[in-house]
2 protein chains.
Amino acid sequence: MDMIQVGLLGLGTVGSGVALTLEKNREWIEACIGRPLRITRALVKNKKDYGHLELPDDLIITEDIQDILEDEDISIVIEVMGGIHPAREFILQALQKGKNVVSANKDLIALHGPEIVRTASENQVDFLCEASVGGGIPIVLPLQKSLTANRVEEIAGIVNGTTNYILSAMTEEGLSYAEALAQAQKLGYAEANPASDVGGLDAARKIAILTSIAYRANVTLDDVQVEGIENISARDIQVAGELGYVIKLLAVAKKMDDGVVLSVHPAFVPARHPLAAVRGAYNAVYVVGNAVDDVMFYGKGAGSFPTASAVLGDVMEIAHHINEHICGKNPLLATDAMAKVADASQWKSPYYFRLIVQNRPGVLAEISRTFARHGISIETMRQLGEEISAELVMVVYPAAQYAVDCVREELQALDSVERVANSIRVFGEISHE
Amino acid sequence: MDMIQVGLLGLGTVGSGVALTLEKNREWIEACIGRPLRITRALVKNKKDYGHLELPDDLIITEDIQDILEDEDISIVIEVMGGIHPAREFILQALQKGKNVVSANKDLIALHGPEIVRTASENQVDFLCEASVGGGIPIVLPLQKSLTANRVEEIAGIVNGTTNYILSAMTEEGLSYAEALAQAQKLGYAEANPASDVGGLDAARKIAILTSIAYRANVTLDDVQVEGIENISARDIQVAGELGYVIKLLAVAKKMDDGVVLSVHPAFVPARHPLAAVRGAYNAVYVVGNAVDDVMFYGKGAGSFPTASAVLGDVMEIAHHINEHICGKNPLLATDAMAKVADASQWKSPYYFRLIVQNRPGVLAEISRTFARHGISIETMRQLGEEISAELVMVVYPAAQYAVDCVREELQALDSVERVANSIRVFGEISHE
């Protein structure tokens with residue numbers, strides 16, 4: 001059969017990984033799809049930046065998107081340039097020209113997924129995006145196909161490598177947040193401006209995409225309640241360990257009676273939970289379905305070659321669809337239905353509190369009364385330090401988020417409480433280690 | 001659109017789970033596939049055994065396979081009766097009659113997979129078998145599609161719930177093998193005759209299936225070197241823990257220069273490896289690809305509803321293929337190519353040894369010389385006990401299996417060695433915990 005010709009938008013970390021992996025595994029990939037497959041054109045900003053890459057001789061590098069859009073021999077376009085503009089316009093134009101598209105662009109898909117999927121459907125071509133969440137980890141396809149008989153009750157993902165690297169370094173090396181961030185930047189795990197990673201926005205985009213797939217209905221980024229890891233101190237990490245937990249930044253979708261709650265937040269994860277063992281730059285997505293119970297997908301959440309694995313898996317699936325003349329018959333994301341998003345304030349979990357209090361008689365009683373007034377029961381309470389100021393650490397039984405917010409405010413107003421150092425949601429069950 | 005009618009072969013644990021899950025999630029499932037879907041007939045051995053199940057009124061129970069094979073309205077047959085005969089014949093006949101088939105039958109697929117896949121292909125119908133490995137864990141589809149751009153370097157699975165339950169109970173409760181087995185039998189995690197589980201045969205079937213999918217070439221059960229957990233003692237488990245390992249029964253496919261080595265064996269898994277955290281009745285499959293690096297799939301490896309999740313995911317995929325008139329275009333397993341199977345004797349790993357030796361001068365030197373003669377370097381050596389007999393525990397740097405076999409034999413022949421209590425392969429890297 002004729003060669004399948006591919007256009008590549010972007011030749012950075014992921015783009016060059018895609019080109020090199022295709023070269024390395026060409027024999028295997030072509031045997032699988034039963035025909036030759038080549039990246040014939042690649043779009044870059046400045047041609048002169050790419051002289052050092054060892055690219056195939058027959059790959060034409062261009063600065064003009066029209067060279068790819070107008071090339072009728074190109075049937076698959078891979079978008080790994082990132083960003084919203086002009087990636088969105090290029091993808092829409094490629095789809096309208098009858099080209100299948102593979103994208104790893106989570107920012108774009110979280111914002112414009114429905115428009116892109118609708119355009120692919122209208123033009124009877126494929127749009128696949130396995131690489132947009134969890135790098136090389138297969139999660140989009142298993143969620144859409146293998147687990148689709150389930151009502152999904154919960155998704156909890158460690159889907160941001162930067163924050164997981166920082167929290168792991170704080171846990172394992174006892175570093176402060178600032179030290180761990182500096183180390184992550186030095187090693188290339190965090191960007192010079194790490195705001196969208198450490199602030200939780202990157203994870204929010206990914207949980208929005210996963211939720212849209214699992215529930216076959218769109219959610220928007222505004223539906224996600226977002227809290228980053230900036231307020232996690234070395235002391236919180238240490239106390240967590242003593243109580244049998246590990247602190248992780250989780251991106252969560254949780255089914256409630258009246259819809260799904262979406263949240264990115266640091267959480268106390270029980271040390272025996274499989275998510276607790278996800279360290280460093282690894283990612284994992286934990287899914288609870290009403291038939292399968294709990295499953296987890298684990299692997300490298302980013303990087304040139306892991307991401308290329310997911311991108312090329314999608315390319316090979318499209319090649320198979322081209323062979324069988326079945327492109328455009330397999331939409332992965334919802335086109336227009338909107339998911340019902342529930343109010344997070346009613347969402348109950350156990351919580352951890354750390355307070356700095358005055359060390360005098362009656363303080364504990366006053367604090368306990370504040371929790372009791374909001375119907376919150378205390379599971380563990382430990383006072384540490386014999387100075388004028390003492391530290392009070394508590395784990396409380398499941399409490400609604402609004403009750404926790406009220407308690408925090410009232411505690412902060414007490415004369416005996418110097419400050420509420422932190423309150424963090426506990427994921428799953430209270431640990432008894 | 002018209003209703004999709006399904007025939008169910010077997011109404012035991014998995015079969016009733018499939019029927020009940022379909023009832024419970026009917027609204028969601030039918031919305032996803034865009035049309036009604038019903039199990040209209042179920043084949044059982046004795047009708048009178050099924051009076052107690054709360055089945056839908058319109059489900060006809062039969063003892064005659066022809067009632068299902070001759071029913072032209074049935075387009076999908078689910079085989080969850082287990083065993084080789086008559087499951088093989090029923091599946092082949094269903095395929096020949098143009099029915100798509102979903103099976104959870106690992107025994108059958110490990111033995112007759114190629115014949116079944118060929119028959120499906122010849123009749124342009126689908127044969128899917130996600131539930132045959134790892135219960136509800138999505139692994140067959142991700143391996144066949146999401147990871148397919150990789151050359152798979154290694155698969156290591158904890159794919160047998162019985163042995164993982166027994167080893168976990170030995171590790172966590174300090175039970176002996178016999179005690180843990182008895183407890184597993186009492187709780188229903190082990191059969192009255194546990195031979196095929198504890199002896200490794202069940203795991204061998206599953207790694208044979210996974211290998212056929214990952215390498216797109218058939219392997220047979222005879223290609224798998226099989227060792228069970230019967231020789232693992234409480235003492236081995238304890239020593240493993242002290243050295244920073246957990247003992248797991250692994251089903252491994254490892255790519256060598258001259259083919260793939262297939263093996264089921266107990267292994268020392270470093271405590272920080274994600275497979276070490278897979279406890280009790282959970283299963284996991286760890287895959288290393290040359291682009292994706294390492295990924296892991298984790299979940300409930302058996303049970304009525306998790307297995308039903310995988311079966312119904314396949315049924316919904318076929319329903320989608322029926323909708324789009326694309327059945328038979330998506331073979332999951334190889335039809336005739338045979339994989340090149342390498343000789344396991346050259347396969348190198350670190351190893352653990354436990355010897356019972358005489359406590360007298362010169363013994364250590366004699367033992368060390370035996371290892372050295374075969375080019376095996378010792379990483380850790382600990383002598384325990386000051387009595388006439390002492391216990392010697394060692395971890396050695398990577399050694400080929402044939403060299404380890406030779407050393408075992410020579411050690412056993414030494415006067416100073418009372419017995420070689422065990423030698424166990426170390427998975428991955430030597431632990432430094």
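Guide: Two strands pair if DSSP finds at least two bridges between them. With that in hand, let us look at this predicted model.

Visitor: Which strand of chain B is joined to E12(A), and how many bridges join them?

Guide: The partner is strand E12 of chain B, residues 293-300, and the two strands run antiparallel. At least two bridges are needed for strands to pair. Here the number of bridges is five.

Visitor: Which element gives the largest share of the side of chain A that touches chain B?

Guide: Across the two chains, 45 residues of chain A are in contact with 45 residues of chain B. Helices H2 (26-33), H6 (140-146) and H12 (304-324) and strand E12 (293-300) of chain A each supply at least two residues of that side. The largest share is 10 residues, and it comes from H12(A).

Visitor: Staying within chain A, which element gives the largest share of the side of domain 2 that touches domain 3?

Guide: Domain 2 covers 140-300 and domain 3 covers 346-426 in the domain assignment of chain A. In chain A, 11 residues of domain 2 are in contact with 10 residues of domain 3. Helix H11 (234-243), strand E9 (245-256) and strand E10 (259-270) each give two or more residues to the domain 2 side. The largest share, five residues, comes from E10(A).

Conventions
Residues are numbered from 1 along each chain as its sequence is written. Chains are lettered from A and ligands numbered from 1 in the order in which they are written. This is a predicted model: local features need pLDDT of at least 70, side-chain atom pairs count only at pLDDT 80 or more; totals for chains, interfaces and linings use all residues. Domain bounds come from an automatic or database domain assignment. Two residues are in contact if their C-beta atoms, placed from the backbone, lie within 7 Å. Helices (H or I, at least four residues) and strands (E, at least two) are DSSP runs, numbered from the N terminus.
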